[in-house]
Amino acid sequence: MLRLPIENTLDREEKIMAEWVERKISDIGTVVGGATPSTKKPENYKDGKIAWITPKDLSTFSSRYIERGERNITEIGLKSCSTQLLPPNTVLFSSRAPIGYIAIAANEVCTNQGFKSVIPNENTDPLFLFYLLKYNKDKIEGMGSGTTFKEVSGNTMKNIVVNVPTDKKVQEKIAAILGSIDDKIEENEQINNNLEQQTQAVYYKMFSEVNTVPVELSSIIDVRDGTHDSPKAQATGYYLITSKHLLPFGVDKASANHISKANFDKINERSLVETQDILMSMIGTVGLISYIPYETVDFAIKNVALFKTSHTPELAYYFLCYLKSERTLQYIEKCLAGSTQKYISLGELRKMPIYSPTNDEIREFNYLVKPMFEEIVSRTYENTLLAEMRDTLLPKLMSGELDVSNIDL
């Protein structure tokens with residue numbers, strides 16, 4: 001059980017409250033932009049060793065510390081534009097498309113123009129700065145301007161006012177409390193990643209060399225899709241899940257729109273999601289997979305494929321590994337249509353080739369992988385609770401409502 005030393009044994013009268021002051025971001029760190037070397041010149045990228053980060057790199061990044069992005073650049077590329085090397089512990093903050101992705105540089109990195117990064121000064125704890133910007137994300141986003149998409153300028157970022165403790169030790173205590181939660185979340189994610197690799201290894205060993213003629217997917221699993229309409233959003237109600245809300249195990253409801261019960265029921269006439277079903281994104285970033293472990297499902301789906309493995313639960317883990325296998329991902333890539341935005345049709349999904357395993361094979365496979373998947377689901381659920389705890393503490397700690405000045409860490 002994770003224990004957080006929020007309360008101190010000292011009487012309230014004996015506590016010395018931490019002093020908080022208003023500061024511009026430029027007072028607590030140096031704001032730095034980025035740039036993109038010309039992509040028309042191979043020498044800017046080929047065999048590059050310099051980590052170069054874009055907002056896209058953070059779109060699926062769930063940890064705090066980032067070492068590199070999808071692409072590196074060369075020394076020639078670095079010198080060819082206005083991007084610059086940022087030291088370790090620089091807090092990266094995406095300033096457009098979208099605003100508010102945050103990470104900490106684990107080593108020297110540079111970024112494209114989609115960031116207004118902050119190099120903390122000597123009186124600012126880097127991890128505290130990370131949580132400070134996370135806490136002020138909505139405020140910073142509200143200061144953005146632009147017609148096509150909102151962007152936060154360097155000057156705007158420098159002049160945003162935030163509240164900070166004058167004592168760096170108080171900053172470090174706040175960061176340590178929130179950081180201890182994220183440490184456990186990231187540890188669980190690492191364990192889950194390792195377990196998923198093990199399940200994929202079992203799948204590969206058992207089924208990669210099978211030479212039997214495959215069958216069409218729809219012959220063994222019911223395949224549907226969610227609505228293609230756009231139900232009216234409302235303040236409360238049921239959640240509408242799209243591809244951007246898919247998580248490996250479950251869905252992210254925090255940013256999902258709410259819809260009425262009437263729309264929820266209408267969508268679910270054809271695409272009711274149940275426990276042990278599997279979802280897959282069908283448009284945009286195609287192929288994001290989500291296994292649904294919840295006992296109660298309170299959401300409907302839009303532009304998302306639905307594989308009704310709840311109807312054949314003995315095949316759920318087998319099919320989950322099948323969808324995540326390299327061979328299946330390559331097959332899906334070949335089936336994509338669309339020029340502006342890629343998508344895969346329901347018909348193509350139903351025709352996907354799959355080996356139909358024997359009962360004995362499925363029994364053996366489930367015997368090996370079921371404990372791993374159950375452990376993954378358990379740790380995923382724990383992470384949900386930990387994230388809720390962190391997000392509850394964040395505003396209380398960052399506003400000074402919870403005083404930590406007398407806590408010994």
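The protein chain has twelve helices and 21 strands. Its radius of gyration is 24 Å, close to the 22 Å that the globule rule gives for 409 residues, so the chain is as compact as a globular protein of that length. This is a predicted model. The average pLDDT of the protein chain is 93, and 96% of the residues score at least 70.

**Overall build**

- Along the principal axes, the C-alpha atoms fill a box of roughly 70 × 60 × 45 Å.
- Of the 409 residues in the chain, 47% are buried.
- Take the contacts between residues at least 6 apart in sequence: 76% of them join residues at least 24 apart.
- The accessible surface comes to about 21400 Å². Carbon and sulfur atoms account for 48% of that surface.

**Where to read with care**

- Over residues 6-14, pLDDT stays under 50.
- For residues 6-14 the model has eleven contacts beyond four places in sequence.
- Where pLDDT is low, the predicted coordinates should not be read in detail.

**The three-stranded sheet**

- Three strands form an open sheet in the order β5-β3-β8, with mixed pairing.
- β5 (71-73) and β8 (110-111) stand at the edges. Each has a single partner strand, so one side of each is left without a neighbour in the sheet.
- Strand β3 covers residues 50-53 and pairs with β5 in the antiparallel sense, over three bridges.
- W52 stands opposite R71, which belongs to β5.

**Strand β13 and its partners**

- Strands of a sheet pair through backbone hydrogen bonds, either parallel or antiparallel.
- β13 (residues 238-241) runs antiparallel to β16 (residues 257-259), and three bridges join them.
- Y238 has I259 in β16 as its bridge partner.
- β13 also pairs with β19 (residues 299-301), here in the parallel sense over three bridges.
- On the β19 side, I241 stands opposite I301.

**Strand β17, covered on both faces**

- In a regular strand the side chains alternate between the two faces of the sheet.
- In β17, I278 and M280 lie on one side, with L279 and S281 on the other. All of these residues are buried, and both faces of β17 are covered.
- β17 pairs with β18 (residues 289-291) in the antiparallel sense, over three bridges. Here the bridge partner of I278 is Y291 in β18.
- β17 also runs antiparallel to β20 (residues 304-307), joined by four bridges. S281 is bridged to V304 in β20.

**Helix α10: one buried face**

- T328, I332 and C335 are the buried residues listed for α10 (residues 326-335).
- Seen down the axis of α10, the buried residues fall within an arc of 60°, so they line one face of the helix.
- E326, R327, E333 and K334 are exposed on the other side of α10.
- The cover over the buried residues of α10 includes β17 (278-281), α9 (316-324) and α11 (346-350).

**Helix α9: enclosed**

- Eight of the nine residues of α9 are buried, so this helix is largely enclosed by the rest of the structure.
- The buried residues of α9 are A316, Y317, Y318, F319, L320, C321, Y322 and L323.
- α9 is also part of what covers the buried residues of α10.

**Helix α12: two residues to check**

- N383 sits in helix α12, which spans residues 359-398.
- At 10% relative accessibility, N383 counts as buried, because the cut-off for buried is under 20%.
- Beyond its neighbours within four places in sequence, N383 is in contact with K184, I185, N188 and E189.
- L385 is found in helix α12 too. With 41% relative accessibility, L385 counts as partly exposed.
- L385 and I185 are 200 residues apart in sequence, but their C-alpha atoms are 9.7 Å apart in space.

Conventions
Residues are numbered from 1 along each chain as its sequence is written. This is a predicted model: local features need pLDDT of at least 70, side-chain atom pairs count only at pLDDT 80 or more; totals for chains, interfaces and linings use all residues. Side-chain values use heavy atoms; hydrogens and water are left out. Two strands pair if DSSP finds at least two bridges between them. Buried means under 20% relative accessible area, exposed over 50%, partly exposed in between (1.4 Å probe, protein chains only). Contact means heavy atoms within 4.5 Å. The arc is that of the directions from the helix axis to the C-beta atoms. pLDDT is the predictor's confidence in each residue, from 0 to 100. The radius of gyration is taken over C-alpha atoms; the globule rule is 2.2 Å times the number of residues to the power 0.38. Accessible areas come from the Shrake-Rupley method with a 1.4 Å probe; for residues, only the protein chains shown count as cover.
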